Amino acid sequence: MDKRNNKGWLFLLPAVLFLGFFMVYPLVDVFIYSFEEGYNSASQTFFGVGAYNYSYVLHDPYFLQAVKNTFILVIITVPVSTGVALLISAGLNSVKKLNKLFQTIYFLPYVTNTLAVGLVFMILFKKTAYSDGLINLFIELFGGSSVDFISGPYWAKMFVLCFYTIWVVMPFKVLILTSALASVNPQYYNAAKVDGTSKLRTFTKITLPMISPMLFYLIITAFIGAFKAYSDAVALFGTDLNAAEMNTIVGYIYDMLYGNSGGYPSFASAAAIVLLVIVLTITCINSLISKKYIYY
Amino acid sequence: MKVVLQNLSKVFPNRSKKGLADVIAVNDFTFEIPDGKLVGLLGPSGCGKSTTLNLICGLQTPTGGKIFFGDDDVTNLPPENRGVGLVFQNYALYPHLSVQQNILFPLQNLKGADKLSKSEMLAKAREAAGLVQIDELMSRKPSELSGGQQQRVAIARALVKMPRILLLDEPLSNLDARLRLQTREELRRIQRETRITTVFVTHDQEEAMSISDIIVVMRSGVAEQIGEPQEVYDNPVNLFVAKFLGSPPINVFSGKVADGSLFIGEDAVLNISGVQNQEVFVGVRPEGFVLDKAGPLRCKLSRVEVMGRDVSIISTHGASVNPIVRSIINAESAENFSTAEVRFAVKPAKVFVFNKETEERVFFEVR
């Protein structure tokens, strides 16, 4: 290795150390724990080595429930939030007057505390002894019967969770997409206009490819973010998510480590590795698909 | 298709609050572009030439006046219904589409009765590509093309739908000098072959003069002079046009008309009639000088530039408005200059006289 190469490593050192300590080491550690049966972090002991942790986790109905919840959350919130954000951004971009005001309004939820938003959702959806909640009032107004969204049927709770997640991730997406849309050279639109291109075709054939790198970034991060969802569920349904049938994979890992059923770091590690494999697979699939459609 | 601009005006309202006047980009412009001609809109930046182009293609709507394509009033028609092809200054090729897809794009927009089958589209795209000689580049992306090739693709894209009018915005300004000469000829050839009425905008007078059938010299939103390039060059209506056309530029002197003589400073260069005594600007084209040991115009020699075919004599004169007087003479008639003074006679046809106040042309006869 010559001198110039050494210098390069020196520049990389801070990042390498940081990533090594806080990412690679824990990752390897978790991987090892996931194969150590009954590992105890206090005494640093375990009974044996094997795949039992995985077998336990994969047969645990709470984990399966969490996986199901997480997948539903991902499948619903990723396309809906990205699609709606795209619509809102395109709308914002075409509005000339008060454009900045609208942008600010749409960005407000981003700077609002998650738990505060959770509180607002409670007021909207929660059914108590004194009130049915705002949404139920509307449902009753149009002749429906009230639904308990917070502690009622599964689909109602899932609806609120998805709604909440979409609401929380929307502002960031709108922000990114409006700036991406604004950065498209208007000359392309003029060229399309002179050639008699319809609005829809202009959007799908010119706008979308031009902002595709940003869109792809948002979709990837949305997938990862949704797979790692946890705090949203807590904000709505409290900490006992297993009882509410609203647990997520990250919630399950947390519970295994610290929750009511806490004290099982081996199971938590196995679940974490399963999550890692899922996220990695999805991201790889995303990357492969994107190569075909993304224009840089 | 002839194009008629009738009292065309475009005013941009002033957006600053300081009470500045509105910007009049195009002011009462009336002009008829004959069918099948290549017209150059020429002027310094900010003269309204690009705005005029945008008005013709419909990307901007006029604040006054009318535009006709043939007998159709297109003033309020959106650009997509005007049947124009526009080549943008920086081409605006869709970067994510291949050359072929770019050229096909306008055809794929056609709807209803005009809709073409896939093979018809391909045939048309090939034809357009052949016209601008880019057949071999069809599968490339615009970023893989040189500036000149991108330019051709842009022209092909504008031509493929057989526009009624072809518009080009500064078509050559992004090309290097050599390519510019080549593309200029190419434009001329394509226009001749397609016989599509073509309007292009440029600030380069040489470009406009070399390929246009008609040039329009614009200043501050007003067409100062319209005519064939040579005619405008030989017969400018005012000092602005005279100064704007010609490379190297015209030499301008302050002078006067007195007692049947045209004076440059103190030198009586021509005997003229038909003009009242007045203070004037005298413009002399660089090729309007003749070396003459007994000539009336006495200049101080600065240096001689030998360009091969001809020789530029750079000198100074007390009455000159420009810092130098540049005269171009044949290399054969050049001699060794030993004195500090160089004397010229002038060719009357290359001398233009302008009123000092209005800068309008003053016509004279040589006695």
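Helices (H or I, at least four residues) and strands (E, at least two) are DSSP runs, numbered from the N terminus. The model is a predicted one, in which local features need pLDDT of at least 70 and side-chain atom pairs count only at pLDDT 80 or more, while totals for chains, interfaces and linings use all residues. Residues are numbered from 1 along each chain as its sequence is written, and chains are lettered from A and ligands numbered from 1 in the order in which they are written.

Ser81(A) belongs to helix H3 (residues 61–94) of chain A. Burial is judged by counting C-beta atoms, placed from the backbone: a residue is buried if 20 or more others lie within 10 Å of its own, exposed if 12 or fewer, and partly exposed in between. Ser81(A) has 25 other C-beta atoms within 10 Å and is therefore buried. Two residues are in contact if their C-beta atoms, placed from the backbone, lie within 7 Å. Neighbours within four places in sequence aside, Ser81(A) is in contact with Ile166(A), Val169(A), Met170(A), Lys173(A) and Ala222(A). Leu218(A) is 137 residues from Ser81(A) in sequence, and their C-alpha atoms are 10.0 Å apart.

The next topic is a pair of helices in chain A. Two packed helices are described by the angle between their axes and the distance between the axes. Here axes are lines fitted to C-alpha atoms, for helices over the stretch in contact, and angles run from 0 to 180 degrees between N-to-C directions. Helix H7 (residues 154–182) and helix H9 (residues 199–227) of chain A have axes that come within 10 Å and cross at roughly 155°. Angles under 35 degrees count as roughly parallel, over 145 as roughly antiparallel, 65 to 115 as roughly perpendicular and the rest as oblique. H7(A) and H9(A) are therefore roughly antiparallel to each other. Residues of H7(A) that make the contact include Val169(A) and Lys173(A), and those of H9(A) include Leu218(A) and Ala222(A). By class, the residues of this contact are ten nonpolar, three polar and one charged; Ala, Val, Leu, Ile, Met, Phe, Trp, Tyr, Cys and Pro count as nonpolar, Asp, Glu, Lys and Arg as charged, and the others, Gly among them, as polar.

Chain B has eight helices and 22 strands. Its C-alpha atoms fill a box of roughly 75 × 50 × 40 Å along the principal axes, and buried residues make up 40% of its 367 residues.

Two strands pair if DSSP finds at least two bridges between them. One open sheet of chain B has seven strands in the order E21-E20-E14-E11-E12-E13-E22, with antiparallel pairing. Strand E21 (361–362) and strand E22 (365–366) of chain B stand at the edges with a single partner strand each, so one side of each has no neighbour in the sheet. Within this sheet, strand E11 (residues 251–258) and strand E14 (residues 278–284) of chain B pair over seven bridges, and four bridges join E11(B) to strand E12 (residues 261–264) of chain B. Gly255(B) stands opposite Val280(B) in E14(B) and has Ile264(B) as its bridge partner in E12(B). E11(B) and E12(B) form a hairpin with two residues between them, and Asp259(B) in the turn has a positive phi of about 50°.

Another open sheet of chain B has four strands in the order E2-E1-E4-E5, again with antiparallel pairing. Its edge strands are strand E2 (23–33) and strand E5 (72–73) of chain B. Helix H1 (residues 49–57) of chain B lies across E1, E2 and strand E4 (64–69) of chain B, at about 60° to E2(B).

Some backbone features remain. Most residues other than glycine have a negative phi, and most peptide bonds are trans. Ser247(B) and Pro248(B) are joined by a cis peptide bond, with omega of about 0°. Ala92(B) has a positive phi near 50°, lies in the loop between E6 and H2 of chain B, and counts as buried because it has 24 C-beta neighbours inside 10 Å. Ser220(B) has a positive phi of about 45°, but with 15 other C-beta atoms within 10 Å it is partly exposed.

Finally, the two chains meet in a contact that takes 14 residues from chain B and 13 residues from chain A. On the side of chain B that touches chain A, strand E6 (84–87) and helix H2 (99–108) of chain B are the elements that give two or more residues.
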